[in-house]
Amino acid sequence: MVSQASRLQDVRYDIRGPVLRRARQLEAEGHQILKLNLGNPAPFGLSAPDAVLSEVVASIGDAQGYSDARGIYPARLAVASSYQARGVAEVGPDDVFLGNGVSELIVMALQGLLDPGDEVLIPSPDYPLWTGAVGLCGGRAVHYRCDEQAGWAPDLDHVAAQITRRTRALVIINPNNPTGAVYSPETLRGLLDLARRNQLLVLTDEIYDQILYEDAVHHSAAALAPDLLVLTLGGLSKTYRLAGFRSGWLVVCGPRRDAADYLEGPEAQHRRPAGAGRAAARAACPLLADDERDPGGRLRQARGGAVPVPPAGPGHLQDL
């Protein structure tokens, strides 16, 4: 008998597991399923700008070889420049790692950090990948409460109460998936101060950083705490509607002198897969340099009811 490894026991993503199976069963029985999430833009007609696709097509001939271990230089330069424009000082191309999606980079960051039993603070509710990745890397996910009555802001007292001698890192998801909360500077400073006082690595998932509504303003954690080592994760999947390109990045910000040994981990892991895909990474260059997004585009129109988002249909349930 072949049994499952024990480290998979906490790896769950119910909406792509039991919930998905039940939804498919109900659809097969003739029921209409109302889908309340939109994890994959393409089936809903949310496409990337033509200029980006043209850039990728034009460069496809140069994308046949392996990439630099950190990713192609023009894309790393574009990512670094975009963070400089957001107030993250002293970030250059060599501080950027490109990956085949943010998911890969999350695992790489945690694999280089965690020994068995080490703890990582993760918001609750969370994006399930974070909890699963911590377990797969031998650590223990410890969840801190986000308070619905306070607009889903993290409960700083509860965060502080979860810190132990085994805590290695604090995860911040801002804007938050799944609550949609955009954290205030005061909330972020409170979280960052806890990391500072307890010498925690900060891992900040900011992949939704430009999908904002009304008067919401996103503040990058790295810009608020230049004295802390902050690993910022972002990518093209959501804001730029290129989920299938699997193009993400990790930006190392802050002092590196006390973390040189740890930072060798992501470097070493990046050497093994021979870098991120070259063709997908090319898309970051025009997007981040010229900001091809439409601030009055489909997502905002659909949210206001002006343009309904077409249903994906039964064949796309797996993409939720």
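The chain folds into 12 helices and 8 strands, where helices (H or I, at least four residues) and strands (E, at least two) are DSSP runs numbered from the N terminus. This is a predicted model, so to speak of local features takes pLDDT of at least 70 and side-chain atom pairs count only at pLDDT 80 or more, while totals for chains, interfaces and linings use all residues. Numbering runs from 1 along each chain as its sequence is written, and side-chain values use heavy atoms, with hydrogens and water left out.

Some overall numbers to begin with. Of the 320 residues in the chain, 47% are buried, meaning under 20% relative accessible area with a 1.4 Å probe, protein chains only (exposed is over 50%, partly exposed in between). The accessible surface is about 15800 Å², and carbon and sulfur atoms own 50% of that; the areas come from the Shrake-Rupley method with a 1.4 Å probe. Among contacts (heavy atoms within 4.5 Å) with a separation of 6 or more, 71% link residues 24 or more positions apart.

Now the sheet. It's an open one of 8 strands, ordered E1-E8-E7-E6-E5-E2-E3-E4, with mixed pairing. E1 and E4 (153-154) sit at the edges with a single partner strand each, so one side of each has no neighbour in the sheet. Two strands count as paired if DSSP finds at least two bridges between them.

| Strands | Sense | Bridges | A residue pair |
|---|---|---|---|
| E2 and E3 | parallel | 6 bridges | Val120 and Ala141 |
| E2 and E5 | parallel | 3 bridges | Val120 and Ala169 |
| E1 and E8 | antiparallel | 4 bridges | Leu98 and Trp249 |

E2 has 5 of its 6 residues buried, so the rest of the structure largely encloses this strand. From E2 the chain passes through H5 to E3 in a right-handed β-α-β crossover: with the strands pointing away from the viewer, the path from the first strand over the helix to the second runs clockwise.

What about H5 itself? Helix H5 spans residues 128-136, and its buried residues are Trp130, Thr131, Gly132, Ala133, Val134 and Gly135. Their cover includes helix H4 (102-111), E2 (119-124), E3, E5, E6 (201-205) and E7 (230-235). After H5 comes Gly138, with a positive phi near 90°.

On to the packing. A nonpolar core here is a set of buried Ala, Val, Leu, Ile, Met, Phe, Trp, Tyr and Cys residues joined through side-chain atoms within 4.5 Å. The largest such core has 40 residues, and Leu98, Leu121, Leu170, Ile172, Trp249 and Val251 touch the most other members. Elements giving it two or more residues are H3 (73-85), E1 (96-99), E3 (140-147), E5 (167-173), H7 (185-197), H8 (221-224) and E8 (248-253). H7 supplies the largest share, 5 residues. A separate core of 29 residues includes Val102, Leu203, Leu233 and Val252.

Leaving out neighbours within four places in sequence, Leu170 contacts Leu121, Tyr144, Val159, Leu191, Ala195, Leu200, Leu201, Val202 and Leu203.

Last, the cysteines. Cys137 counts as buried at 13% relative accessibility, and Cys146 does too at 5%. The disulfide count is 0, taking a disulfide as a pair of cysteine sulfur atoms within 2.5 Å.
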